[in-house]
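Please look over the sequence and the model shown here before reading on.

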Amino acid sequence: MEPLPLHSDRKAPSKPLPPWLKVRLTQGKNYLDLKNLMREQTLHTVCEEALCPNIYECWESRTATFLILGDICTRNCGFCAITTGRPTHLDWEEPKRVAETVEHMGLRHVVITSVTRDDVEDGGAAIFAATIRAIRERVPECSIEVLTPDFMGNWDALQTVVKAHPEIFNHNTETVPRLYRHVRPKAQYERTMEFLRRIKEQDPTIVTKSGIMVGLGETREEIHQVFVDMRANQVDVLTVGQYLRPDMKHLPVERYYTPEEFAEIKEEALALGFAHVESGPLVRSSYHAASQVPEVSR
């Protein structure tokens, strides 16, 4: 989900931001230490590449979401700030460096995501699996969450990641079916639902997770139907956050949802049977991810 470009030079004049979307910029010792560590290890984070508004809070708490498979995406979604283009070669040493950094940070829960690599036959699934194994070997007590692309419906690639057995497997739905062509032109809503269903079919013990962003012109009825579809495909954890425009090249914000509306959406989703729901203006896929592990494992 696309965040607020508070630390970007790119300008996105749009509707005035409501007060509940203001974020305090705090670059404390932990933030600076983590930034230096990422550069030393030649690693990327989605926190930086996707311009996440929660980066200051999360990094000061020594939590981060690692972005593997490079920092160039082969897709050009209408909401995403990550650079689009022709990616470089795969870095097979990356899993080792991620594991070393996880150990250095003393993490108890880690989130691994990636750019989309449609240029690679398995979409990078083998490196996802290698990263999971490297972390397990080095920090066995650390729980692992992955947020993967759809691998273009390559179910063997999906199985490669499932067999590595992350505790939580996230694949974002992002928006309602009517807006897919506009928001995610190379993705398919039906494929996303099948992807989520197949995770559970291949390993029922894995916690499945998905998220959407609101403010792109969807209706509350459409949001509800997405939740119904997710539950029909056994999704356990849901995240809902406000879409924020990275710059003028990206889709405009149609409207800002209020905190009260996010609270209503959370209650609506919980009533459908989700084990855990994060719903709020600044909620993103991995926001408070570590706190979800014990709750969804009970």
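**A walk through the model**

Glu278 lies in strand E8, residues 276-279. With a relative accessible area of 13%, Glu278 is buried; buried means under 20% relative accessible area, exposed over 50% and partly exposed in between, for a 1.4 Å probe and protein chains only. Its C-alpha is 6.3 Å from that of Leu238, although 40 residues separate Glu278 and Leu238 in sequence.

This is a predicted model, in which local features need pLDDT of at least 70 and side-chain atom pairs count only at pLDDT 80 or more, while totals for chains, interfaces and linings use all residues. Residues are numbered from 1 along each chain as its sequence is written, and side-chain values use heavy atoms, with hydrogens and water left out.

The protein has eleven helices and eight strands. Of its 298 residues, 58% count as buried. Among contacts in the protein with a separation of 6 or more, 75% are between residues 24 or more positions apart; contact means heavy atoms within 4.5 Å.

Consider helix H5 next. Helix H5 covers residues 125-138. Its 14 residues reach 20 Å from the first C-alpha to the last, close to the 20 Å expected at 1.5 Å a residue; the expected span is 1.5 Å times one less than the number of residues. The buried residues of H5 are Ala125, Ile127, Phe128, Ala129, Ala130, Thr131, Ile132, Ala134 and Ile135. They pack against strand E2 (65-68), helix H4 (94-105), strand E3 (109-114), strand E4 (143-147) and H6.

How does H5 sit against H6, and at what angle? The two helices pack at about 5°, with their axes 8 Å apart. That makes H5 roughly parallel to H6. Axes are lines fitted to C-alpha atoms, for helices over the stretch in contact, and angles run from 0 to 180 degrees between N-to-C directions. Angles under 35 degrees count as roughly parallel, over 145 as roughly antiparallel, 65 to 115 as roughly perpendicular and the rest as oblique. On the H5 side, Ala125, Ala126, Phe128, Ala129 and Ile132 meet Ala157, Thr160 and Val161 of H6. This contact of H5 with H6 has seven nonpolar residues, one polar and no charged ones. Ala, Val, Leu, Ile, Met, Phe, Trp, Tyr, Cys and Pro count as nonpolar, Asp, Glu, Lys and Arg as charged, and the others, Gly among them, as polar.

Val161, in helix H6, has 0% relative accessibility and therefore counts as buried. Leaving aside neighbours within four places in sequence, Val161 is in contact with Ala125, Phe128, Ile132, Val146, Phe151, Pro166 and Phe169. The C-alpha atoms of Val161 and Thr148 are separated by 9.1 Å, at 13 residues apart along the chain.

H6 also meets H8. The 14 residues of helix H8 (residues 189-202) should span 20 Å at 1.5 Å a residue, and the end C-alpha atoms are 20 Å apart, which agrees. Tyr189, Arg191, Thr192, Met193, Phe195, Leu196, Ile199 and Lys200 of H8 are buried. These buried residues pack against helix H6 (155-163), strand E5 (168-170), helix H7 (180-183), strand E6 (207-214) and helix H9 (220-232). The axes of H6 and H8 come within 10 Å and cross at roughly 45°, which makes H6 oblique to H8. Trp155, Leu158, Gln159 and Val162 of H6 make the contact with Arg191, Glu194, Phe195, Arg198, Ile199 and Gln202 of H8. By class, the residues of this contact divide into five nonpolar, two polar and three charged.

Most residues other than glycine have a negative phi. Met152, in the loop between E4 and H6, has a positive phi near 55° and is partly exposed, at 45% relative accessible area. Glu174, in the loop between E5 and H7, has a positive phi near 75° and counts as buried at 8% relative accessibility.

Finally, Glu222 is in helix H9 and counts as buried at 19% relative accessibility. Not counting residues up to four places away in sequence, Glu222 touches Val176 and Arg178. Glu222 and Val176 are 46 residues apart in sequence and 6.2 Å apart in space, C-alpha to C-alpha.

Conventions. Helices (H or I, at least four residues) and strands (E, at least two) are DSSP runs, numbered from the N terminus.
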